[in-house]
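Work through the exercises below with the sequence and the 3D structure at hand. Try each task before reading its solution.

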Amino acid sequence: MIGYVTIGTKDLGRAAAFYDALFGELGAKRLMEFPRMIVWGTSFGAPSLGVCTPYDGNEASVGNGVMVALPLPTKDLIDRLHARALELGATDEGAPGPRGDNFYAGYFRDPDGNKFNFFKFGAN
């Protein structure tokens, strides 16, 4: 249902380094690159994430209540990539762990303050 999500950044170079390293761990790469925007994904037919400096010229801001949730196949991968995000400059918004009986997630904010989580449904 979702084709892509775009978030704002105050520093495209810093964001590019963060997402190149983090998404590289998932086999994602830059699919498109423009002077004010970069889009990462695994293919043009799969959902992707774009990071841009705002086109209106105002400073990028974080949406209150906005979060991008990225599914991963294993809890171990969630743990590893959450830790990797923190190593790359993200801040912890909730360590990886179970949330209820059938949901496992780790929450973080990227260097611009955009909220993300890596998650998995199911007991395994």
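A salt bridge is a side-chain nitrogen of Lys or Arg within 4 Å of a carboxyl oxygen of Asp or Glu. By this rule the count comes to eight salt bridges. The model used here is a predicted one.

**Exercise 1. Salt bridges**

Task: Find the salt bridge partners of lysine 10, arginine 30 and arginine 80, and locate each pair in the chain.

Solution. 

Step 1. Lysine 10 pairs with glutamate 59; their closest N and O atoms are 3.8 Å apart, and the cut-off is 4 Å. Lysine 10 sits in the loop between β1 and α1, glutamate 59 in the loop between β4 and β5, 49 residues apart, and the pair thus links distant parts of the chain. Glutamate 59 has a relative accessible area of 61%. Exposed means over 50%, so glutamate 59 is exposed.

Step 2. Arginine 30 pairs with aspartate 20, with 2.6 Å between the closest N and O atoms. This pair links strand β2, where arginine 30 lies, to helix α1, where aspartate 20 lies, 10 residues apart. Arginine 30 is partly exposed at 31% relative accessible area, and aspartate 20 is partly exposed at 31%.

Step 3. Arginine 80 pairs with glutamate 25, and here the closest N and O atoms are 2.5 Å apart. Through shared partners, salt bridges join Glu25, Arg80, Arg84 and Glu87 into one network.

**Exercise 2. An open sheet and its helix**

Task: In what order do the four strands of the open sheet lie, and which are the edge strands?

Solution. 

Step 1. The order is β1-β4-β3-β2, and the pairing is mixed.

Step 2. Strands β1 and β4 (residues 48–52) run parallel and are joined by five bridges. Within this pairing, valine 5 has leucine 49 in β4 as its bridge partner.

Step 3. Helix α1 (residues 12–24) packs on the sheet and touches β1, β2, β3 (37–41) and β4. The direction of α1 makes about 5° with that of β3.

Step 4. Methionine 32 is in strand β2 and is partly exposed, at 35% relative accessible area. Together with Phe34 and Phe44, Met32 makes a nonpolar surface patch of about 330 Å².

**Exercise 3. Strands β5 and β8**

Task: Is asparagine 117 buried or exposed, and how does β8 pair with β5?

Solution. 

Step 1. Asparagine 117 lies in strand β8 (residues 115–121). Its relative accessibility is 2%. Buried means under 20%, so asparagine 117 is buried.

Step 2. Leaving aside neighbours within four places in sequence, the contacts of asparagine 117 include Val68, Ala69, Leu70 and Phe103.

Step 3. β5 and β8 pair in the parallel sense over four bridges. Proline 71 has phenylalanine 119 in β8 as its bridge partner.

Step 4. In a regular strand, side chains alternate between the two faces of the sheet. Strand β5 (residues 68–71) has Val68 and Leu70 on a covered face, Ala69 and Pro71 on an uncovered one.

How values were computed. Residues are numbered from 1 along each chain as its sequence is written. This is a predicted model: local features need pLDDT of at least 70, side-chain atom pairs count only at pLDDT 80 or more; totals for chains, interfaces and linings use all residues. Side-chain values use heavy atoms; hydrogens and water are left out. Two strands pair if DSSP finds at least two bridges between them. Helices (H or I, at least four residues) and strands (E, at least two) are DSSP runs, numbered from the N terminus. Contact means heavy atoms within 4.5 Å. Axes are lines fitted to C-alpha atoms, for helices over the stretch in contact, and angles run from 0 to 180 degrees between N-to-C directions. Patches are made of residues with over 30% relative accessible area and no salt bridge: like charges are joined within 9 Å, nonpolar side chains (Val, Leu, Ile, Met, Phe, Trp, Tyr) within 5 Å. Accessible areas come from the Shrake-Rupley method with a 1.4 Å probe; for residues, only the protein chains shown count as cover. Buried means under 20% relative accessible area, exposed over 50%, partly exposed in between (1.4 Å probe, protein chains only).
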